[in-house]
Amino acid sequence: MTRWYSEKKKDYYYKEAKKHGYRARSAFKLLQIQQRYRVLRRGGVVIDLGASPGGWSQIAAKYASIVIAVDLQPMQPLDRVIFVKGDITKDETIEKIRQHISEADVVISDASPNISGKYTMDQARSVWLCQNALKIAKEFLKEGGNFVCKIFEGEDYPQFLQEVKKHFRMVKAHAPKASRKQSSEIYIVAKGFKKTW
Ligand SMILES: C[S@@+](CC[C@H](N)C(=O)[O-])C[C@H]1O[C@@H](n2cnc3c(N)ncnc32)[C@H](O)[C@@H]1O
């Protein structure tokens, strides 16, 4: 895909997000994942990690009875969404989540590190965020729950994918159409959490 075409696509999702009142074009990535894999369930509890400005939470709240949205950055209020300001790599954030819910049906993470431009470093940080998202998923998911996590492809990615496979019955790597073509981001979609008591 040419840069011109890629910019056009970016523009398209940007305009669509405006048209539908979504806070971020990334909302379409979750919509596309949902269309294909049905990860969100009616009436469930969703934890949305790296949630700000709230595009994914907007989509999740269409299905869920409650969404716990977590981010380092503030987020404007949304119906059925409880915002928790915190770092997903810190145990104190797990405790803050626990003040609102004891378990969840779905954990989704679109958390991204601040891009330094040094790909090896950015990729390692992305994996670190995913490891912490998986830790939160293992902490809160009910038996049979679902997990979605954005990761930058690279050295530690296959190992992380194997780790996810240990805990879920179905695991796929998905590149949503709404991602920019030159992007190395991929979404791990995992269904059917195998809870160990
Ligand atoms: C691509 S944005 C998420 C967009 C969001 N899914 C949406 O649809 O609006 C990535 C987010 O990850 C957050 N983030 C990065 N590191 C984090 C961390 N350690 N703890 C919590 N949030 C983090 C950033 O603050 C940023 O808001």
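**View 1. Secondary-structure elements around the largest pocket.** At least two lining residues of the largest pocket come from each of α3 (55-63), β2 (66-71), α5 and β5 (141-152); helices (H or I, at least four residues) and strands (E, at least two) are DSSP runs numbered from the N terminus. The largest share of this lining, 5 residues, belongs to α5. The model is predicted: local features need pLDDT of at least 70, side-chain atom pairs count only at pLDDT 80 or more, and totals for chains, interfaces and linings use all residues. Residues are numbered from 1 along each chain as its sequence is written, and side-chain values use heavy atoms, without hydrogens and water.

**View 2. Centre and composition of the largest pocket.** Of the 38 lining residues, Asp-110, Ala-111, Ser-112, Pro-113 and Lys-150 lie nearest the centre of the largest pocket. On a 1 Å grid over the protein atoms alone, a pocket is an open set of points where a 1.4 Å probe fits, with protein on both sides within 12 Å along at least five of seven lines; lining residues have an atom within 4 Å of a point. The lining comprises 14 nonpolar, 13 polar and 11 charged residues.

**View 3. Helix α5.** The 22 residues of α5 (residues 119-140) should span 32 Å at 1.5 Å a residue, and the end C-alpha atoms are 31 Å apart, which agrees; the expected span is 1.5 Å times one less than the number of residues.

**View 4. The second largest pocket.** Helix α2 (residues 27-37) gives the most to this lining, with 5 residues. Among the lining residues are Phe-28, Arg-36, His-174 and Lys-177.

Conventions: Ala, Val, Leu, Ile, Met, Phe, Trp, Tyr, Cys and Pro count as nonpolar, Asp, Glu, Lys and Arg as charged, and the others, Gly among them, as polar.
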